[in-house]
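Here are a few friendly notes to read alongside the model. Please keep the viewer open as you go through the points.

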Amino acid sequence: MNRVLLLLSVLSLGVSSQQITESQRLFSIVVSRVQHLHLLAQRLFSDFESSLQTEEQRQLNKIFLQDFCNSDYIISPIDKHETQRSSVLKLLSISYRLVESWEFPSRSLSGGSAPRNQISPKLSELKTGILLLIRANQDAAEIFPDSSALQLAPYGNYYQSLSGEESLRRTYELLACFKKDMHKVETYLTVAKCRLSPEANCTL
């Protein structure tokens with residue numbers, strides 16, 4: 001009897017270790033993808049800023065500080081301490097919503113250069129990877145009972161014809177918010193991945 005219990009314990013430990021290893025592998029892929037997107041967002045924003053006149057930069061910086069990003073309506077940790085206290089499932093869920101919120105606006109970022117055209121397909125890959133991780137932790141139907149209700153409306157005027165000045169402001173806000181949100185997602189996914197390693201130091 002004791003031998004049977006010992007064998008079951010060993011088999012259980014083996015299955016558990018295999019699940020953790022698979023989850024770690026998927027986390028590594030997802031974190032790598034969001035890191036790529038964050039670097040791309042930083043590059044696009046930096047290139048756009050470099051194309052502006054000094055006065056244009058000053059005015060746009062001033063305006064942006066007074067505005068919201070569309071994704072600010074998604075409830076997320078307010079600081080690094082709350083991030084570290086959040087569960088893996090919560091961090092994955094918030095990351096999914098942030099990525100999903102860019103499904104429509106990312107189309108406005110496409111075109112004009114190869115890096116810009118990478119955004120929409122890379123976001124789609126990232127969204128799929130995060131959803132797989134969520135499903136590994138809990139039934140996705142319980143977290144997303146109505147996926148359509150989670151999709152935020154497109155940024156207010158991103159499909160309208162705008163004047164030169166308004167178009168400049170729209171592009172600046174879009175790139176700044178994209179960079180901000182990809183930084184958030186990278187942080188949340190990195191912390192969630194770290195939780196799989198009990199001995200790791202997950203401080204930010």
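**Notes on the model**

1. Let's begin with Asp181, which lies in helix H9 (residues 164–194). Helices here are DSSP runs of H or I with at least four residues, and strands are runs of E with at least two, numbered from the N terminus. Please bear in mind that this is a predicted model: local features need pLDDT of at least 70, side-chain atom pairs count only at pLDDT 80 or more, and totals for chains, interfaces and linings use all residues. Residues are numbered from 1 along each chain as its sequence is written, and side-chain values use heavy atoms, leaving out hydrogens and water.

2. The side chain of Asp181 does make a polar contact with the side chain of Ser71, at 2.4 Å. (A polar contact is a pair of N or O atoms within 3.5 Å; within protein, one must be able to donate a hydrogen and the other to accept it, and residues adjacent in sequence count only if both atoms are side-chain atoms.) Beyond its neighbours within four places in sequence, Asp181 is in contact (heavy atoms within 4.5 Å) with Ser71, Leu98 and Trp102.

3. Leu98 is one of the buried residues of H4, and Arg97 and Glu100 are also among them. Eleven of the 13 residues of H4 are buried, so this helix is largely enclosed by the rest of the structure. Helix H4 covers residues 88–100.

4. Now to Leu60, in helix H2 (residues 54–66). Leu60 is buried, with a relative accessible area of 7%. Leaving out residues up to four places away in sequence, Leu60 touches Leu52, Leu168, Arg169 and Tyr172. Leu60 and Arg169 are 109 residues apart in sequence, yet 6.5 Å apart in space, C-alpha to C-alpha.

5. Finally, the whole chain: nine helices and zero strands. Of its 204 residues, 36% count as buried. Among contacts with a separation of 6 or more, 81% join residues 24 or more positions apart.

How values were computed. Buried means under 20% relative accessible area, exposed over 50%, partly exposed in between (1.4 Å probe, protein chains only). The expected span of a helix is 1.5 Å times one less than its number of residues.
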